[in-house]
Amino acid sequence: GLGNQDIWVARREGDGWSRPINLGEEVNTKYDEIDPVIRRSSDLAGKNDGRLHPAGLYFASNRVPAEQPDVRLPRWRGTARAEYPVQLEDFDLFLARIKAGKLSKPTPTELEADADEDPGKDVTADSVTELLAQVMAVSPQQPGAFDKPQRLGHLNTSARDAMPSITQLGDYIYFSSRREGGEGGFDILRARWHPEPHRVPSNVGSP
């Protein structure tokens, strides 16, 4: 991986799963990327006049905004000297929209490493690219990839905001947050995509 928790993809094959593939630097960073959920590409916004949530990969990350300096934990912990990975508490929600385009192929070094791990399986650049295309297909004829992830600023706070889920129709996003003003701990909130004033999330409340 690229450091800490990354998002990977695997395709269902009968009763098992294909070899997992790291989504790479377009999605993952040295920070944590967690809680992935796909909004199906058949529901692209162009088909609903922008009234539903865009197609793409929704997830949470504690990455540092580009305009802020890098953050590191103290080097010393107790009496043991060690380097600790970055672990920030402020998780935000992100969207990496699905785009049409040709998927990049893994490097020969990555393929050789995969072959060493499972020498009984024939791994080629074309086969790995084909798997990623099948999992993220915009349509059977047009494989998809992801645009650069963008923060969903209308949903995020300085508290932990994570665990997104999109309704099947695509009108609402539900997620968990530890922001102030809730029932205590993590609460479930929801927000619409359209109309824009309804993008402000609301607590679903008791019970």
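Predicted model: local features only at pLDDT ≥ 70, side-chain atom pairs only at ≥ 80, totals over all residues.
Local features were taken at pLDDT of at least 70 and side-chain atom pairs at pLDDT 80 or more, whereas totals for chains, interfaces and linings use all residues. Residues are numbered from 1 along each chain as its sequence is written, and side-chain values rest on heavy atoms, without hydrogens and water.

The structure contains 2 aromatic pairs (rings of Phe, Tyr and Trp, the last by its six-membered ring, with centres within 6.5 Å; planes under 30 degrees apart are stacked, over 60 edge-to-face, the rest tilted). Phe-59 and Phe-94 are stacked, at 5.5 Å centre to centre and 10° between the planes. Because Phe-59 belongs to strand β6 (residues 56–61) and Phe-94 to strand β9 (residues 92–100), this pair ties together parts 35 residues apart in sequence; strands are DSSP runs of E of at least two residues, numbered from the N terminus. Phe-59 is buried, at 0% relative accessible area, as is Phe-94, at 2% (buried, under 20%; exposed, over 50%; partly exposed, in between; 1.4 Å probe, protein chains only). The charged end of Arg-63 sits over the ring of Phe-94, 4.8 Å from its centre (NZ of Lys or CZ of Arg within 6 Å of the ring centre and within 35 degrees of the ring normal).

The rings of Tyr-172 and Tyr-174 form a tilted pair, with centres 6.2 Å apart and planes at 45°. Tyr-172 is buried, at 17%, whereas Tyr-174 is partly exposed, at 28%. Arg-190 lies over the face of Tyr-172, at 4.3 Å from the ring centre.

Strand β14 (residues 172–177) runs antiparallel to β13 (residues 161–166), joined by 4 bridges; pairing requires at least two DSSP bridges. Ala-162 has Ser-176 in β14 as its bridge partner. The two strands, β13 and β14, form a hairpin with 5 residues between them, and Gly-170 in the turn has a positive phi of about 100°.
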